[in-house]
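Open the model in your viewer and keep the sequence beside it. This tour tells you what to select next and what is there.

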Amino acid sequence: MATTESVPVKLLYEFIGAKINVDTNNGESFTGVLVEAQENMSMTLGDVTALYPSGHTHKMENVFIKGHKIRVIELPPGAKDSIRQIQRALRPPAIYGRGRGRGRGGFRGGRR
């Protein structure tokens, strides 16, 4: 059975190796390189700078953030183009022509 992935998860996969910013529900902010992303939006960041609600920062080598703790993911500037490409790839192919003749209008000749 094929797995279906949503646009946000596919978008995360596109930015593995890019620098992103992740804000969590408890007010922490992590800026680092996306190393790994999972289907449940959990992710691993490398070369991380953490900013805590108290205002102090901390450098870390790696951090794992669970998907349900993430509030906002700030992606690099090229994200808009990637979103459009992914949406085009996921869109079903267009059906051209007039169809099977159904729904062409109401009364067509004959007696009323």
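Select the whole protein chain. Of its 112 residues, 25% count as buried, meaning under 20% relative accessible area; exposed means over 50%, and partly exposed lies in between (1.4 Å probe, protein chains only). This is a predicted model, where local features need pLDDT of at least 70, side-chain atom pairs count only at pLDDT 80 or more, and totals for chains, interfaces and linings use all residues. Residues are numbered from 1 along each chain as its sequence is written, and side-chain values use heavy atoms, with hydrogens and water left out.

Show the surface. The protein chain exposes about 8500 Å², and carbon and sulfur atoms supply 51% of it. Such areas come from the Shrake-Rupley method with a 1.4 Å probe; for residues, only the protein chains shown count as cover.

Switch to cartoon. You will find two helices and five strands. Start at the N terminus and follow the order α-β-β-β-β-β-α. Helices (H or I, at least four residues) and strands (E, at least two) are DSSP runs, numbered from the N terminus.

Now select Lys 59 and Asp 47. Their side chains meet in a salt bridge, 3.7 Å from N to O. Lys 59 sits in strand β4 (residues 57-65) and Asp 47 in strand β3 (residues 43-51), so the pair, 12 residues apart, links distant parts of the chain. How exposed are the two partners? Lys 59 counts as exposed at 55% relative accessibility, and Asp 47 counts as exposed at 51%.

How many salt bridges are there by this rule? The count comes to one, with a side-chain nitrogen of Lys or Arg required within 4 Å of a carboxyl oxygen of Asp or Glu.
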